[in-house]
Amino acid sequence: MSTQLAPARPATGLSLAVRDSTTMLRRNLLHARRYPSMTLNLLLTPVMLLLLFVYIFGDTMSAGMGGGADRSAYVAYLVPGLLLMTIGSTTIGSAVSVATDMTEGIIARFRTMAIHRGSVLIGHVVGSVLQCVMSVILVGAVAVAIGFRSADATALEWLAAFGLLVLVATALTWIAVGMGLSSPNAEAASNSAMPLIFLPLISSAFVPVDAMPGWFQPIAEYQPFTPAIETLRGLLLGTEIGHNGWLAVTWSLALAALGYFWSKSLFDKGFDKGANRR
Amino acid sequence: MPVSVMPTTSRGGGLQPPAAVSAAGLRKSYGDKTVLDGIDLRIPAGSVFALLGPNGAGKTTTVQILSTLISADSGQAQVAGHDLSADPQAVRAAIGVTGQFSAVDGLITGEENMLLMADLHHLPKREGRQVTAELLERFDLTEAARKPASTYSGGMKRRLDIAMTLVGSPRIIFLDEPTTGLDPRARHTMWQIIRDLVTGGVTVFLTTQYLEEADELADRIAVLHDGRIAAEGSAEELKRLIPGGHIRLRFTDPAAHQRAATELTEATRDDEALALHIPSDGSQRELRSILDWLEAAGIEADELTVHTPDLDDVFFALTSSAGTSANQPNQPNQPKENAR
């Protein structure tokens, strides 16, 4: 045999986790780069909604907000919600790619290798968060192009806004990964991840919660998206944040933890299920 | 009915070569369905072991257990000297697995697949690239290296699959039905690859439904049937388990078949195929006497084939649930295919 190789160096603990997760991340980014169509499709929804609500419904919507608000005021109102919707939409892609990935034989190969157990999922999560950031930047650029301006946000506030977006992206991604793992195929994953794009529609993204029917207001106000949207608005536009700040952080941490443990347990016991599925 | 039972642990005799894989009493069931019903194995290091059985016999489950993919309900196993349940990570570091279903990443190129493996084995960058180039060359994939693996043919995918398994130089390689679905040429290429592996001192555990394949490649063969090992031994030992061969006469005319059958009382009939099986050792003398007799009786068979006992006979004799009598060695009494 011509190939006599040095035995693999045993690596343990954290360095193994970081190293293998980085490798898995590279694999996922390679997938995303080779096949950008899904990412772009999912990006289209928030951009279309942005243009739709600004240019087609914009006058009516701003009139409805009262106080002599014009279309540019509605752009400012709309953008924070759409940035969070962008994250929700991008994570649907993560659910789909995790579900697709799990049907691939290479996952079984990974399970027979002496690599860090969690690296497959961590690679997906970090990759998805990076994609979320990219998408948010792209949608944000479109928003700026059509007239969105922050009302004198400080550097610290920009940083906090960025941190919030990353936190929400991480939380939603872990949930999406769980949805992907629990779905037998890509279609099912895309269906079960629908709430991630549906919830923003019933949040304060498009109209203020006050403008909704009374019985619905508590639902809209306390679902995960509204506090995050209100916090982002406060940071970028100087509106009042109030209790929304800690609500947003609590929601994110809780969803991240839930998604993490759910995904981990699905992945750990997943092989038998996966094998029977074929 | 275990026909030849081997010692299952390496602790017993001092003279045995070290076992690469040993297992005792492996059991696994899914719900009510018992897939493995007590499997004992001992595979000496540096040998080729074939687990032979029809679909649903439990071959894949055995590989999945021994390669740490799933855990057995009961029983013990050591792979490369490490206990499966106590130290699966050490087992994983010593093995390479090529599953029944392609385990390549179709979205990236063959070369990227190989580099991915090198990274996961924590090889330094330069070494990883070197190993990748060598293995791609060795498996005749250099030309296709920059194409997405999803565009590869079945044989190419399987070669890439094995090349990926070899990154990191595993000492024990599991190959689950390595040639299923390959055309004859690709199958022979695969056989040569497996032979080369063994020359390199690697222990190979392969599963197959093809007796010819086990005969060609394996030092020892275990016949798996209904979750148990029905027999184990070298191909020669297994062939000795069943009585001799036969001569098969095939007719196209049912009347001729009928007449020959009534005349030839020692023959067994296969009415569906319009054939007769006459027990025979395949010698020239016996052959001549049968031909003479046919001539004298004015019977003309449309086809005559000499059938020496092969692993097929052993296989059918061992795996037919009803039990096959000695003068019907080739009764195609296949067990039902169980959905996996």
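Trainee: What order do the elements of chain A run in, from the N terminus on?
Mentor: They run α-α-α-α-α-α-α-α-α-α-α-α-α. Keep in mind that this is a predicted model.

Trainee: How many helices and strands does that come to for chain A?
Mentor: Chain A has 13 helices and 0 strands.

Trainee: How much of chain A counts as buried?
Mentor: 42% of its 278 residues.

Trainee: What about contacts in chain A between residues 24 or more positions apart?
Mentor: Take the contacts with a separation of 6 or more. Residues 24 or more positions apart account for 81% of those in chain A.

Trainee: New topic. How many residues of chain A are in contact with chain B?
Mentor: 30 residues of chain A, and they meet 34 residues of chain B.

Trainee: Which helices of chain A each supply at least two residues of that side?
Mentor: α1 (13-34), α5 (105-111) and α13 (270-277) of chain A.

Trainee: Which one gives the most?
Mentor: α1(A), with 7 residues on the side that touches chain B.

Trainee: What classes of residue does that side of chain A have?
Mentor: The side touching chain B has 15 nonpolar, 9 charged and 6 polar residues.

How values were computed
Residues numbered from 1 in each chain as written. Chains lettered and ligands numbered in written order. Predicted model: local features only at pLDDT ≥ 70, side-chain atom pairs only at ≥ 80, totals over all residues. Contact = placed C-beta atoms within 7 Å. Helix = DSSP H or I, 4+ residues; strand = E, 2+ residues; numbered from the N terminus. Nonpolar A, V, L, I, M, F, W, Y, C, P; charged D, E, K, R; others polar. Buried ≥ 20, exposed ≤ 12 C-beta atoms within 10 Å, placed from the backbone.
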